[in-house]
Amino acid sequence: MSNALKLAIDIGHNAPYDGGAIGIKSEDSLNLDVGTKLIGKCSAAGIEVINCAPNNVQSLFDSLNKRVGIANDSKADFFISIHHNAFPGANGTEILCIPGGGGEEVSKIILPEIIKLGFTNRGVKARHDLYVLNETNMSAILIECAFCDSEIDMRSYDAEKMASSIFNGICKAFNIPNNMGHIPESNKTIDEGIYHVVRKGDNLWVLSKQYNTTVKNLIALNSINDPNLIYIGQRIRVR
Ligand SMILES: [Zn+2]
């Protein structure tokens with residue numbers, strides 16, 4: 001079994017019946033620019049990327065449903081949807097997820113990386129009404145990178161920097177060696193543990209066999225309260 005992370009990347013909108021917001025720049029072109037660059041960086045780092053862009057879309061629902069279908073069929077470990085917001089007078093970055101699982105955990109690691117670029121931190125926000133978050137089998141997040149109708153956000157917007165920041169966050173969250181740019185400051189003090197990203201069918205007993213350790217060790221290394229409750233996308237230290 002390969003231990004490579006399998007990551008579903010959904011470039012928001014960019015389909016018939018499913019156009020993005022129009023601001024100072026168009027959301028479609030921003031999503032496509034950031035998403036394409038992000039896919040390139042992740043692929044170069046050895047991450048198995050599933051591009052969720054749908055074909056032959058017949059309706060808005062069809063567009064969303066096909067993205068989710070591609071992610072679920074691929075049995076990806078994690079799902080990231082790339083969007084840009086629009087609302088008069090607003091600016092900044094937020095990440096949307098269903099709280100209490102891997103999505104929230106990873107959002108809290110990626111968001112600060114984007115905020116380093118100077119965007120206003122609008123926080124990690126709980127959402128229970130988004131189709132791509134609700135219907136994906138794996139932990140999922142939706143990144144609202146910036147407001148495409150905000151002069152503040154669009155003034156010197158750089159899709160390359162945005163993609164790099166998201167990529168840096170992914171590397172931190174899933175313990176992937178980051179050779180694309182600077183090593184994030186806080187990574188320098190991380191110990192030399194070995195980590196496993198939980199996928200469907202994993203449990204602590206299976207992981208203990210796979211990494212030649214014991215369930216007791218895994219519980220202790222990860223301060224796990226309930227050994228029956230590990231979730232897909234969770235990063236477990238195995239050594
Ligand atoms: Zn959008």
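**A walk from the sheet to the zinc ion**

Let's start with two neighbours: strand 4 (residues 93-97) and strand 5 pair in the parallel sense, over four bridges. If you want a spot to look at, find L96, whose bridge partner in strand 5 is K125. Keep in mind that this is a predicted model.

Now zoom out. These strands belong to an open sheet of six strands, with the order 2-1-3-6-4-5 and mixed pairing. Strand 2 (48-51) and strand 5 (121-126) stand at the edges; each has a single partner strand, so one side of each is left without a neighbour in the sheet. On average, neighbouring strands here are turned by 20 degrees against each other, ignoring direction.

Next, the helices. Helix 2 (residues 60-74) lies across strand 1 (6-11), strand 2 and strand 3, and runs at about 175 degrees to strand 1. Elsewhere, helix 3 (residues 102-115) packs with helix 6 (residues 159-174) at an angle of about 145 degrees, their axes 8 Å apart. Their crossing is right-handed. The residues of this contact divide into nine nonpolar, three polar and two charged. Among those that meet are V106 and I109 from helix 3, and M162 and F174 from helix 6.

Finally, find the zinc ion. Its protein donors are H13 (NE2), E27 (OE) and H83 (ND1), which lie 2.1 to 2.2 Å from the ion. Along the chain, the donors follow the spacing H-x13-E-x55-H. E27 sits in helix 1 (residues 27-44) and H83 in strand 3 (residues 78-85), 56 residues apart, so this pair links distant parts of the chain. Are these two buried or exposed? E27 is buried, with a relative accessible area of 3%, and H83 is buried too, at 11%.

Notes:
Residues are numbered from 1 along each chain as its sequence is written. This is a predicted model: local features need pLDDT of at least 70, side-chain atom pairs count only at pLDDT 80 or more; totals for chains, interfaces and linings use all residues. Side-chain values use heavy atoms; hydrogens and water are left out. Axes are lines fitted to C-alpha atoms, for helices over the stretch in contact, and angles run from 0 to 180 degrees between N-to-C directions. A crossing is left-handed if the near helix is turned anticlockwise from the far one by less than a right angle, and right-handed if clockwise. Contact means heavy atoms within 4.5 Å. Ala, Val, Leu, Ile, Met, Phe, Trp, Tyr, Cys and Pro count as nonpolar, Asp, Glu, Lys and Arg as charged, and the others, Gly among them, as polar. Donors are N, O and S atoms within 2.8 Å of the metal (3.2 Å for Na, K and Ca); water is not among the atoms, so sites may look incomplete. Buried means under 20% relative accessible area, exposed over 50%, partly exposed in between (1.4 Å probe, protein chains only). Two strands pair if DSSP finds at least two bridges between them.
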